[in-house]
Amino acid sequence: MVLIQKCSTYDREVILERVKEIFEKNGGIEKFASPGKKVVIKPNLVSKKSPEAAATTHPSLVWAVATLCKEAGADVVIAESSGGPYEKPLMKALYRATGIEQAALDSGAILNYDLTETKVDNPGAKYLKSLNIITPVAEADTVISLSKLKTHGMMVYTGAVKNLFGVIAGLQKAEYHMKMSDYDEFADCIIDIFLSARVSLNIIDAVVGMDRDGPTAGDPKKMDLLISSTDAFEADMTALEIIGVKPERVPVFKNAIKRGLVKENTKDFDFAGGLKPSDVLVPDFKVKYNDQLNNLYFIKGPFGKWFSKIIRPRPVFHRNKCKACRECEKCCPAKVITVTKEKGAKVNLDGCIRCYCCQELCPFKAVTIKKPLLNKLFIRSKK
């Protein structure tokens, strides 16, 4: 069951009423939170951005969910591992910048500073049959995912399923990028990680989403919606239809359909509350597709290597915006970025795996993804 709600404001009391309805439609708050239960709220806090930047889950939504779960008697923890190192000083700064520190204080929830990991079995996985995830999520009775609807440089779209990549501690995310740099393999890795977290409820913050150069450098996009479901794949497939994106062009959902994790048509979904995707379409939502052009990238021989270079998208570093903070250098999975105060950031494109972590984690929007003309023409032909 998927619930689509109209919501044009982040006013706390309005959000609180919407979240109450979400719990009611899904069997009542007691299904998720009760005395003695440990509830972990997993927002999207990809980097130290203010709520107004629309890159992170809005604190009003975190506050509302935490407040209702606390009132039900549960022990509530807010836990996240952002794109950078998993360290207490950085987590403190992240919680403060995103407004989550105040949301926790006002709701009575606890901010997680347990930096340990726990190994979990993952029998439904394709690749990651066991893996380490952050301990609070591994030990939770209930995990509630509060994601943000955004575009994504590598995976095209990020929402409920992709949000759970944040259960991988800190820079270990880079290891997954390196081991599975093929986009389809990485998409299956994302699905496997999501399955390991045993999420009970998913709420997508689409009051203000992000289009164009998401997940952190795009434009805030007023959408006036909340999308929720106990099934993250159905919630995301609903979001894709609302923004006009075909699932087969999003690696995670192309693979999820193949794996039988979700039906390929939202017409087969059960929508509660009266609203369907066709009622709330956002036709001007701008998405930058990242089709791999596999049949072109991997042509053998010298010509293939040359052709691959001229057609593949690449990160471009803008010296006038770069502050030489070295965030991209620290987080680059392939370790092909060097930063100096004199010249800023430079990338060795021969070793670049096109994960675009540099663009995602740059605090100053100094990195853009450049698509050559031939690439753009191919992608346009697939629409």
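Colleague: Where does P215 lie?
Modeller: P215 lies in the loop between β9 (201–211) and β10 (219–229). Helices here are DSSP runs of H or I with at least four residues, strands are runs of E with at least two, and both are numbered from the N terminus. This is a predicted model, where local features need pLDDT of at least 70 and side-chain atom pairs count only at pLDDT 80 or more, while totals for chains, interfaces and linings use all residues. Residues are numbered from 1 along each chain as its sequence is written, and side-chain values use heavy atoms, with hydrogens and water left out.

Colleague: And what kind of peptide bond joins G214 and P215?
Modeller: A cis one, with omega at about 15 degrees. Most peptide bonds are trans.

Colleague: Okay, what about phi at K335?
Modeller: K335 has a positive phi of about 55 degrees, although it is not a glycine. You'll find K335 in the loop between α12 (327–331) and β13 (337–340).

Colleague: Switching to helices: how do α7 and α9 pack?
Modeller: Helix α7 (residues 183–196) and helix α9 (residues 251–258) have their axes 8 Å apart, at an angle of about 70 degrees. The axes are lines fitted to C-alpha atoms over the stretch in contact, and angles run from 0 to 180 degrees between N-to-C directions. That makes α7 roughly perpendicular to α9; angles of 65 to 115 degrees count as such, under 35 as roughly parallel, over 145 as roughly antiparallel and the rest as oblique.

Colleague: Which residues make the contact?
Modeller: From α7, Y183, D184, A187, D188, I190 and I191; from α9, P251, V252, K254, N255 and A256. Contact means heavy atoms within 4.5 Å.

Colleague: Nice. Last topic: how many cavities are there of 30 Å³ or more?
Modeller: The structure holds 3 of them, and the largest cavity has a volume of about 300 Å³. On a 1 Å grid over the protein atoms alone, a cavity is a set of points where a 1.4 Å probe fits but cannot get out, and lining residues have an atom within 4 Å of a point. Points are joined across faces, edges and corners, and the volume is the space filled by probe spheres set on them.

Colleague: Which residues are closest to the centre of the largest cavity?
Modeller: Of the 26 residues lining the largest cavity, V46, G83, F165, K173 and E360 are the closest to its centre. β7 (142–152), α6 (172–179) and α13 (357–361) each supply at least two residues of that lining.

Terms used:
On a 1 Å grid over the protein atoms alone, a cavity is a set of points where a 1.4 Å probe fits but cannot get out, and a pocket is an open set with protein on both sides within 12 Å along at least five of seven lines; lining residues have an atom within 4 Å of a point.
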